[in-house]
Amino acid sequence: MDQFTLNLIVVGATFLLYIGIAIWARAGSTSEFYAAGRGVHPITNGMATAADWMSAASFISMAGLIAFLGYDASAYLMGWTGGYVLLALMLAPYLRKFGKYTVPEFIGDRFYSPTARMVAVVCLIVASVTYVIGQMTGVGVAFSRFLEVDNATGLYIGAGIVFLYAVLGGMKGITYTQVAQYVVLIIAYTIPAVFISLQLTGNPIPALGLFSEAKATGEPVLTTLNGMLADLGFQSYTEQHDTTLNMFLFTVSLMIGTAGLPHVIVRFFTVPKVADARYSAGWALVFIALLYLTAPAVGAMARMNLIATFYPNGTTGEAVALSDIQSNENLDWVRNWEKTGLLKFEDKNGDGRIQYVADADANELTVNRDIMVLANPEIANLPGWVIALVAAGGLAAALSTAAGLLLAISSAISHDLIKGQLNPNISERGELLAARISMAVAIAVATYLGLNPPGFAAQTVALAFGIAAASLFPALMMGIFVKRINNKGAVAGMLAGLIVTLVYIFLHKGWFFLPGTNSFSDSDPLLLSIKSTSFGSIGALINFIVAYVVSNATEEPPEEIQELVESIRIPKGAGAATAH
Amino acid sequence: MADKSSSNAYWAANIRLIRLCLIIWALVSFGFGILLRPMLSGIAVGGTDLGFWFAQQGSILVFLVLIFFYAARMNKLDREYGVEE
């Protein structure tokens with residue numbers, strides 16, 4: 001059986017599984033649509049949160065960035081896991097106690113202001129749509145490869161499937177489908193990593209293999225990789241090349257963005273008790289860590305295998321012959337990826353060989369970083385079923401997160417904006433219809449911008465984290481920990497954080513992410529060495545300061561709000577969630 | 001709600017616990033993983049140094065321990081102050 005048919009069978013089978021579960025658990029009432037009736041066990045919830053959380057950025061893109069950036073990409077690893085500590089300690093239990101369905105509802109009630117709720121809706125939509133753009137980039141890469149079409153066609157097909165999928169189920173459908181998706185994606189991620197770690201080091205655990213000896217040289221893997229890179233003129237893998245300032249701010253931004261992203265926070269509304277909300281964050285991180293501890297090994301080993309493919313006689317020997325790339329069946333993957341337009345080679349110097357070197361003028365191979373994880377099993381010549389499984393895993397990651405984000409966007413529009421503000425008498429049916437229309441609009445916008453994305457999938461997603469970090473996290477945290485923050489302070493803080501961060505991002509990535517409208521670039525940023533992906537931490541700082549200063553200059557929050565804050569700090573008396 | 005002074009003491013104990021956890025959280029990631037890495041460069045770990053290991057492995061493992069430690073301590077605290085569900 002050829003690889004294409006095998007891909008179709010494996011991907012098709014997993015899709016049938018998800019759709020079957022979605023139909024079986026189809027949402028009937030609005031409360032089921034948003035919060036699954038609150039009957040979800042912490043471990044189940046943790047697994048679903050992990051699938052919701054680990055998107056195309058984690059699965060498809062992150063190890064590729066690690067492969068090319070080495071140590072500098074550690075910010076992604078620490079940032080996207082460290083945020084769970086903040087969630088578990090500072091947000092999840094209290095928001096669960098508060099007991100409403102959405103993040104803007106909490107902000108609206110705590111700051112006793114419909115304006116605050118609307119500002120939170122805007123922040124949520126901006127962050128989530130940016131996030132969906134990153135997902136669409138990943139969906140495009142995955143679909144273009146496994147259907148063997150160009151990247152844009154893959155993106156259109158993927159967008160259609162995401163839409164169908166998200167519209168079918170609400171949170172309940174999504175909770176149980178996401179458990180299935182987690183299982184598919186973690187198997188798909190770890191199996192090839194185990195194979196490759198065994199091939200290169202003899203150690204079956206990739207996280208340990210990364211720090212052990214490479215069979216080929218008898219030296220540690222990372223020493224071997226640094227040596228290969230040095231031969232070809234590339235920068236060292238293990239040294240720091242980014243500035244310490246930017247790396248620090250980037251990690252902060254990803255961490256607090258993690259804790260401020262609405263589609264993750266709503267997960268903790270669905271557990272039965274406050275005590276469960278605390279453990280749920282821990283279980284989510286257990287399931288996330290299985291992938292995140294493996295990713296550094298995937299990155300380093302993929303880079304080694306890529307170089308070894310193009311230098312079959314070692315990095316000091318001759319590069320691979322062009323005729324081999326065109327006909328050798330072990331190099332089928334190079335030709336397959338060339339069809340997507342995401343891998344390109346050209347024999348510039350006409351020597352019949354493809355040199356892969358650091359010098360841009362002499363280099364004859366360009367590899368999109370987002371293809372590394374999907375191409376990894378092919379590069380290592382693993383069996384066909386492993387390759388098909390990785391395609392299915394990548395799609396599971398992208399689909400589950402896109403669905404969770406679309407749910408957060410649609411509930412913000414239908415529940416907070418329309419029902420909470422414009423038309424409180426809307427019928428349940430009308431609310432569901434509005435939810436579905438907003439999903440369709442969000443997908444259309446994200447697909448259009450996904451054609452010319454502002455960066456690789458994980459970088460676009462990092463921008464979404466910056467926006468969430470600067471706008472929502474400070475408001476949520478202060479809402480719980482600082483009683484003195486009033487309506488005016490919260491609104492001013494959120495607006496200041498959101499606007500400053502968005503302007504900084506748009507100055508570097510183009511206004512509304514339209515290509516060519518930027519005035520600066522991340523290689524030479526406006527302020528010091530702070531890249532647009534790191535600016536969320538500065539935006540958050542501004543948010544905190546503005547909210548604090550404005551609150552202290554204006555009147556104290558009313559007595560009943562101070563009592564509300566007292567009550568969410570204590571687990572006792574948490575009932576089922578209520579709608580407005 | 002429980003009486004005011006008891007719930008204030010509960011909250012103060014919670015804040016102390018959060019502070020302790022966040023100090024460790026920052027130390028292993030921003031500390032060992034980034035800012036203090038040059039100071040740890042003498043400790044070799046499989047072809048690189050301890051700072052690299054903390055940045056790509058160790059910090060994640062510590063985060064896990066921290067969350068479960070906090071959850072267990074808080075659930076105990078809930079019972080001590082009689083504020084559990």
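## Exercise 1: A phenylalanine and its surroundings

Phe98(A) has a relative accessible area of 12% and is therefore buried. The model examined here is a predicted one.

**Task.** Determine where Phe98(A) is placed and which residues Phe98(A) touches beyond four places away in sequence.

**Solution.** 
1. Phe98(A) belongs to helix α5 of chain A, which covers residues 74-98.
2. When residues up to four places away in sequence are set aside, Phe98(A) touches Glu105(A), Phe106(A), Asp109(A), Leu564(A) and Ile568(A).
3. A further relation is that of Phe98(A) to Phe269(A): the two are 171 residues apart in sequence, with their C-alpha atoms 9.0 Å apart in space.

## Exercise 2: The cover of helix α6

**Task.** State how many residues of helix α6 (residues 103-110) of chain A are buried, and identify them.

**Solution.** 
1. Helix α6 of chain A is mostly covered, with 7 of its 8 residues buried.
2. These buried residues are Val103(A), Pro104(A), Glu105(A), Phe106(A), Ile107(A), Gly108(A) and Arg110(A).
3. Among them are Glu105(A) and Phe106(A), both of which are touched by Phe98(A).
4. Just after α6(A), the residue Tyr112(A) adopts a positive phi of about 35°.

## Exercise 3: The interface of the two chains

**Task.** Describe how many residues of chain A and chain B are in contact, and what area is buried between the chains.

**Solution.** 
1. The contact involves 56 residues of chain A and 44 residues of chain B.
2. The size of an interface is often expressed as the accessible area that is lost when the parts come together.
3. Between chain A and chain B, about 4400 Å² is buried, and carbon and sulfur atoms give 73% of this area.
4. On the side of chain A, the residues that lose the most area to chain B are Leu89(A), Phe211(A) and Arg278(A), which together make up 16% of what that side buries.

## Exercise 4: Salt bridges

**Task.** Find how many salt bridges cross the interface of chain A and chain B, then examine which side chains meet in a salt bridge there.

**Solution.** 
1. Over all chains, the count comes to 9 salt bridges.
2. Across the interface of chain A and chain B there is 1 salt bridge. The side chains of Asp78(B) and Arg278(A) meet in a salt bridge with an N to O distance of 2.9 Å.
3. This pair crosses between chains: Asp78(B) lies in helix α3 (residues 50-80) of chain B, and Arg278(A) lies in helix α14 (residues 274-292) of chain A. Both Asp78(B) and Arg278(A) are buried.
4. A salt bridge within chain A joins Glu566(A) and Lys483(A), whose closest N and O atoms are 2.4 Å apart. Glu566(A) lies in helix α24 (residues 559-568) and Lys483(A) in the loop between α21 (457-481) and α22 of chain A, so that distant parts of the chain, 83 residues apart, are linked.5. Glu566(A) counts as buried because its relative accessibility is 8%. Lys483(A), with a relative accessible area of 26%, is partly exposed.
5. Within chain B, Arg37(B) forms a salt bridge with Asp49(B), and the closest N and O atoms are 3.0 Å apart. Arg37(B) is in helix α2 (residues 37-40) and Asp49(B) in strand β2 (residues 48-49) of chain B, so the pair ties together parts that are 12 residues apart in sequence.
6. Arg37(B) is buried at 9% relative accessibility, and Asp49(B) is buried at 11%.

## Exercise 5: A nonpolar surface patch

**Task.** Identify which residues make the nonpolar surface patch, and which helix gives the most to the patch.

**Solution.** 
1. The patch covers about 870 Å² and is made by Tyr156(A), Tyr448(A), Leu451(A), Leu495(A), Ile499(A), Val503(A), Trp511(A), Phe512(A) and Leu514(A).
2. At least two residues of the patch come from each of α20 (428-451) and α22 (487-509) of chain A. The most is given by α22(A), with 3 residues.
3. Trp511(A) is in the loop between α22 and α23 (536-553) of chain A. Its relative accessibility is 34%, so Trp511(A) counts as partly exposed.

## Exercise 6: Annotated regions of chain B

**Task.** Compare the UniProt annotations of chain B, which include the feature "transmembrane region", with the helix content of the model at residues 20-40 and 52-72.

**Solution.** 
1. An unreviewed UniProt entry places "transmembrane region" at residues 20-40 and 52-72 of chain B.
2. Residues 20-40 of chain B are 95% helix and 0% strand, with end C-alpha atoms 23 Å apart.
3. Residues 52-72 of chain B are 100% helix and 0% strand, and their end C-alpha atoms lie 30 Å apart.
4. The UniProt annotation "domain: Sodium symporter small subunit", also from an unreviewed entry, covers residues 8-84 of chain B. Over that span the chain is 82% helix and 5% strand, and the end C-alpha atoms are 15 Å apart.

Notes: Residues numbered from 1 in each chain as written. Chains lettered and ligands numbered in written order. Predicted model: local features only at pLDDT ≥ 70, side-chain atom pairs only at ≥ 80, totals over all residues. Heavy atoms only, no water. UniProt positions renumbered as here; feature names shortened; annotations may be inferred. Helix = DSSP H or I, 4+ residues; strand = E, 2+ residues; numbered from the N terminus. Patch = residues over 30% accessible without salt bridge, like charges linked within 9 Å, V, L, I, M, F, W, Y side chains within 5 Å. Areas by Shrake-Rupley, 256 points an atom, 1.4 Å probe, with all protein chains shown as cover. Salt bridge = Lys/Arg side-chain N within 4 Å of Asp/Glu carboxyl O. Buried < 20%, exposed > 50% of the residue type's maximum accessible area, 1.4 Å probe, protein only. Contact = heavy atoms within 4.5 Å. Buried area = accessible area lost by both parts, 1.4 Å probe.
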